[in-house]
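Colleague: I have the model open next to the sequence, could you walk me through it? I'd like to start with the aromatic rings and then move on to the sheet and the helices.

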Amino acid sequence: MFGRDDCVVDEALNRPVNHVPVLGVILAGGASRRYGHDKALATLGGTALLQWVITRVQPQVGRLAISGTARSGFSLPVIADTVKDAGPLSALCSVLAWAEQAGLSQVVTFSCDTPFVPVNIVRDLRAALEDYDCAVASRAGAVHPTFTLWKIEAREKIETAFAIGVRSLHDAISYVDSTLVDFSAIRYGPGGDPFFNINSPGDMAAAQSWLTDEHQSR
């Protein structure tokens, strides 16, 4: 059902860089306007996109939750947006507050529409975090702010950005101390891009075609 590299998720790959517990959160609160219906539940290879992401990231984190709304058939905790319909930065504010109340000091976010997310992403983001507020995934010059490891200490800066009108995760990065982590060495997914995201039926068709070719090449 899943791609070839899922078999390499082992103890060595996901051994923590430190002992700080990390909360993983799948961002799944978008309206899916370009897709036409809830893309988190759209199926690739017979499996919902949300389940694809869960399978790939759950072994990498201490706890896993969903940001947005509950979906039937998924029992993960759901972190609702405190401010409704205010974009992904509102979701991040709610996630950071939830994590702080839970006594967690780091949060890593993932997009629900990116089924080929690297199976070593958390390890590499944690290795780069150091004294920064966050570590952000990038590939071939493209920044992917939905795949970011955050320190809870960044919450005040993010809430300040939100209060003055910032709504996108990409714009919010400029309000914190961040570092980019390059995943260009990983070639997996359509076009070799593990951050290939599915926003439309055409994207889904491309992902399905790649997945079929990947299975046939084994």
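Colleague: Is Phe110 buried or exposed?

Modeller: Phe110 is buried, with a relative accessible area of 0%, where buried means under 20% relative accessible area, exposed over 50% and partly exposed in between, using a 1.4 Å probe and protein chains only. Before going on, please keep in mind that this is a predicted model, in which local features need pLDDT of at least 70 and side-chain atom pairs count only at pLDDT 80 or more, whereas totals for chains, interfaces and linings use all residues. Residues are numbered from 1 along each chain as its sequence is written, and side-chain values use heavy atoms, with hydrogens and water left out.

Colleague: How many aromatic pairs are there?

Modeller: The structure holds seven aromatic pairs, where rings of Phe, Tyr and Trp (its six-membered ring) pair if their centres lie within 6.5 Å, and planes under 30 degrees apart count as stacked, over 60 as edge-to-face and the rest as tilted. One of them is formed by Phe110 and Phe147, which is edge-to-face at 6.5 Å centre to centre with 65° between the planes. This pair links distant parts of the chain, since Phe110 sits in strand β6 (residues 106-111) and Phe147 in strand β8 (residues 142-151), 37 residues apart. Helices (H or I, at least four residues) and strands (E, at least two) are DSSP runs, numbered from the N terminus.

Colleague: And which class does Phe147 fall into, buried or exposed?

Modeller: Phe147 counts as buried, at 2% relative accessibility.

Colleague: Why is the Tyr188 and Trp210 pair called edge-to-face?

Modeller: The ring centres of Tyr188 and Trp210 are 4.9 Å apart and their planes stand at 85°, so the pair is edge-to-face. Tyr188 lies in the loop between β9 (178-182) and α6 (201-216), while Trp210 is in helix α6, so the pair ties together parts that are 22 residues apart in sequence. Tyr188 is buried at 6% relative accessibility, and Trp210 is buried at 16%. Both belong to one aromatic cluster, which is formed by Trp52, Phe116, Tyr188 and Trp210.

Colleague: OK, switching to the sheet, in what order do the strands come?

Modeller: Seven strands form an open sheet in the order β5-β4-β1-β6-β8-β7-β9, with mixed pairing, where two strands pair if DSSP finds at least two bridges between them. β5 (78-79) and β9 stand at the edges, each with a single partner strand, so one side of each is left without a neighbour in the sheet.

Colleague: How does β5 pair with β4?

Modeller: β4 (residues 63-68) and β5 pair in the parallel sense over two bridges. Ile66 stands opposite Val78 in β5, and the bridge partner of Ser67 in β5 is Ile79.

Colleague: What about β1, how many bridges join it to β4?

Modeller: Six bridges join β1 to β4, and these strands run parallel; β1 is also joined to β6 by six bridges, again running parallel. Val25 has Ala65 as its bridge partner in β4 and Thr109 as its bridge partner in β6.

Colleague: Which strands does helix α2 lie across?

Modeller: Helix α2 (residues 88-101) lies across β1 (22-28), β4, β5, β6 and β8, running at about 145° to β6. Axes are lines fitted to C-alpha atoms, for helices over the stretch in contact, and angles run from 0 to 180 degrees between N-to-C directions, with contact meaning heavy atoms within 4.5 Å.

Colleague: And which residues of α4 are buried?

Modeller: The buried residues of helix α4 (residues 155-163) are Ile158, Ala161 and Phe162. They cover an arc of only 100° around the axis, which puts them on the same side of α4, the arc being that of the directions from the helix axis to the C-beta atoms. On the other side of α4, Glu156 and Ala163 are exposed. What covers the buried residues of α4 includes α2, β8 and α5 (169-172).
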